[in-house]
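Please read this briefing with the sequence and the 3D view side by side. The points are grouped by topic.

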Amino acid sequence: MSGKGVYRKSGTLPVTRQILKKPTTGQKYLLDELKKPKPKGMKGVGYAAGVLQPRGSHRISPPVEFVDVEKLIDSTVRTPSKDTEARSQQAKDKLNKAELRRQYLAESFRKEEERLIKMHELIQKREQLVQEQRQREMEELNEPRSSDLTIPSLNEMVSGKLMRDRTPEEKELLEMKRRYNRETQELRIQENKLKKLLNLYHMSSEFITTEEQLLATIENVFSTRTATSSFDSIKSLPKNSITKGNNAFAQDLFFGTNTRNDTSEVGLPMVQDFISGELNRLHTKAKENLEVQLEQQKNSSKIDL
């Protein structure tokens, strides 16, 4: 087939005809754009003085004409002024079809106006979303990166500080840490001094302070019997002496004692507990528990009798 109005290419659809040829009064955004002042200069509207406009065009744009949809409906699909009675079925069908055409055309005018307004709103929302997305991307690009913070430029090295100043909270926290470390170190030094003083007190019982003690010690050291007994005692040491020493060390840690020469002496923890009153509290509590147990045993013996 060939001829006018025949589409030779498969899948090609005709151009959609516009329902409304002119903008409507419901399109407020077009009215606002027309009320805006026209730009001037290189990007202005119109022709400069001495420049001829193209043939068939206007030097000054004609004003845009807006139409009211309801008035357009009244003028285009006007309801018949007088009722005509259909004398035949064919005339009745013709009147019904005309009424349907009027209804469809009026409805199409109203829906077309709504579609144009809604399409403009959707376009505005999409442009706003695109603008916000672009703004976020620009903000992300303008944000300082970690490399920018760690690698200063030459200008910053010359003019600015290489390290920031501490905040008042950081200064206070640093001072508290330093004071804690200093006081902890002083406490450990004092505890070591107390341990040495306590050991010195325990060892003072073996010090030679009189002439009689000196003579007795010399005789004990240089006597043959003592040397032989000392050698025999060294030979008869048990193989588990190391384990015994470990047990004594664990016992000292647990009870706060100081084991020396197979004798348990008062250690620094016991002295501290005595000074702080912890030993008195433990003694009182143990005494109360013992009295409660004795009372319970006495009551149970009475019940058995």
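In this predicted model, the buried residues of helix H3 pack against H1 and H2. Helix H3 covers residues 89-142, and helix H1 covers residues 28-35. Helix H2 runs over residues 69-76.

**Helix H3**

- The buried residues of H3 are Ala98, Arg102, Ala106, Ser108, Phe109, Glu112, Glu113, Leu116 and His120.
- H3 has 54 residues, so at 1.5 Å a residue it should span 80 Å.
- Glu112 is a residue of helix H3. Its relative accessible area is 12%. Glu112 therefore counts as buried, since the cut-off is under 20%.
- Setting aside residues up to four places away in sequence, Glu112 touches Ile19 and Leu20.

**The largest nonpolar core**

- Eight residues make up the largest nonpolar core: Leu20, Tyr29, Val69, Ile73, Val77, Ala106, Phe109 and Leu116.
- Helices H2 and H3 each supply at least two residues of this core. H3 gives the most, with three residues.
- Val77, one of the core residues, touches Leu72, Arg102, Leu105 and Ala106 when residues up to four places away in sequence are not counted.

**Gln27, before helix H1**

- Gln27 sits in the segment before helix H1.
- Is Gln27 buried or exposed? Gln27 is buried, because its relative accessible area of 5% is under the 20% cut-off.
- A polar atom of the Gln27 side chain lies 2.9 Å from the backbone nitrogen of Thr24.
- Apart from its neighbours within four places in sequence, Gln27 is in contact with Leu116 and Ile117. Leu116 is also listed in the largest nonpolar core.

**Pro39, between H1 and H2**

- Pro39 is found in the loop that lies between H1 and H2.
- The relative accessible area of Pro39 is 42%. This value falls between the cut-offs of 20% and 50%, so Pro39 is partly exposed.
- Pro39 touches Gly44 and Val45, not counting residues up to four places away in sequence.

**Coiled-coil annotation**

- An unreviewed UniProt entry places the feature "coiled-coil region" at residues 81-142 and 170-200.
- In the model, residues 170-200 are 100% helix and 0% strand. The end C-alpha atoms of this stretch are 45 Å apart.

**The chain as a whole**

- The protein chain contains eleven helices and two strands. Along the sequence, the pattern reads α-α-α-α-α-α-α-α-α-β-β-α-α.
- How many of the 305 residues count as buried? The share of buried residues in the protein chain is 10%.
- Among contacts in the protein chain with a separation of 6 or more, 56% are between residues 24 or more positions apart.

**Confidence**

- The protein chain has an average pLDDT of 76, and 70% of the residues score at least 70.
- Over residues 237-242, the pLDDT is below 50. Beyond near neighbours in sequence, this stretch has zero contacts in the model.

Key. Residues are numbered from 1 along each chain as its sequence is written. Side-chain values use heavy atoms; hydrogens and water are left out. A nonpolar core is a set of buried Ala, Val, Leu, Ile, Met, Phe, Trp, Tyr and Cys residues joined through side-chain atoms within 4.5 Å. Buried means under 20% relative accessible area, exposed over 50%, partly exposed in between (1.4 Å probe, protein chains only). Helices (H or I, at least four residues) and strands (E, at least two) are DSSP runs, numbered from the N terminus. Contact means heavy atoms within 4.5 Å. UniProt positions are given in the numbering used here, feature names are shortened, and annotations may be inferred rather than shown by experiment. A polar contact is a pair of N or O atoms within 3.5 Å; within protein, one must be able to donate a hydrogen and the other to accept it, and residues adjacent in sequence count only if both atoms are side-chain atoms. The expected span of a helix is 1.5 Å times one less than its number of residues. pLDDT is the predictor's confidence in each residue, from 0 to 100.
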